[in-house]
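Welcome! Here is a short tour for anyone meeting this structure for the first time.

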Amino acid sequence: MRSFLISISFFLVIIVAALILAVSSARERAHKADKQKKIDSVNSKLDKLSNATGLNIAIPEKIVPVSKDDLTKIAEWSSKAGQYIKNYCPDKTEVTLENCDLAFRKWQSTERPRYTKEETILILGSYLGQQCVKKLQMEWVVIDDKYGQYCAVRHAKYKIVSAPFSCVEKRVIRKQYNFMAPVFNQLDKSIKNKGGFEE
């Protein structure tokens, strides 16, 4: 009888231990799931911000200034923005980000556009970047990080980075428009907020 009771007690201990382990494991899984949910939520917000503004929020691993030769090429491509606008919006005489947006929209809807996709990316990307350099005290740099190597503009004081060429390319691929002025305005706002980003 005593042996039987000992066996029962041992069995109950095993059951209780198993239940405790199961509850603990369930709590751990729930905690991990909640943590992953929060991470996914943050990543989703950052991705939306990046897609909407062209901002690259990740801290780059390596940054070097753009070479003088490449700066010259960027300036040359940027200078073609006026002709680009004139070709698609003859009534627009000013070279502005807003007019670039209008011209880009017309380019998208043209069956046989005068400018290729590559030319559009180079012209508009260069112009957008040059405006950031001239008006927002940013500088052209080459960034090498986990996403690869790409050309961007960076604010010297605050960790704010934007990739103008990638920004234009995304809109070409996704067939989006009206983004150049908003990208510039978001950068301007972020710099004035001393590097802070608002949702």
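Does C167 count as buried or exposed? At 1% relative accessibility, C167 is buried. Please keep in mind that this is a predicted model.

**Cysteines**
- There are zero disulfides in the structure.
- C167 has its closest cysteine sulfur in C132, and the 9.1 Å between the two sulfurs is too far for a bond.
- For C100, the closest cysteine sulfur belongs to C89, at 9.5 Å, which is again too far for a bond.
- C100 is buried as well, with a relative accessible area of 0%.

**Nonpolar cores**
- The largest nonpolar core has 37 residues, and those touching the most other members are Y84, L124, L128, C132, M138 and M180.
- At least two residues of this core come from each of α3 (81–88), α4 (97–109), α5 (117–136), β2 (138–145), β3, α6 (164–174) and α7 (180–192).
- With seven residues, α5 gives the most to this core.
- Leaving aside residues up to four places away in sequence, Y84 touches A103, F104, W107, Y115, T120, I123 and L124.

**A loop residue**
- K159 sits in the loop between β3 (148–155) and β4 (161–162).
- K159 is exposed, at 70% relative accessibility.
- The C-alpha atoms of K159 and I191 are 9.2 Å apart, although 32 residues separate the two along the chain.

Conventions:
Residues numbered from 1 in each chain as written. Predicted model: local features only at pLDDT ≥ 70, side-chain atom pairs only at ≥ 80, totals over all residues. Heavy atoms only, no water. Disulfide = S-S within 2.5 Å. Buried < 20%, exposed > 50% of the residue type's maximum accessible area, 1.4 Å probe, protein only. Helix = DSSP H or I, 4+ residues; strand = E, 2+ residues; numbered from the N terminus. Core = buried A, V, L, I, M, F, W, Y, C linked by side-chain atoms within 4.5 Å. Contact = heavy atoms within 4.5 Å.
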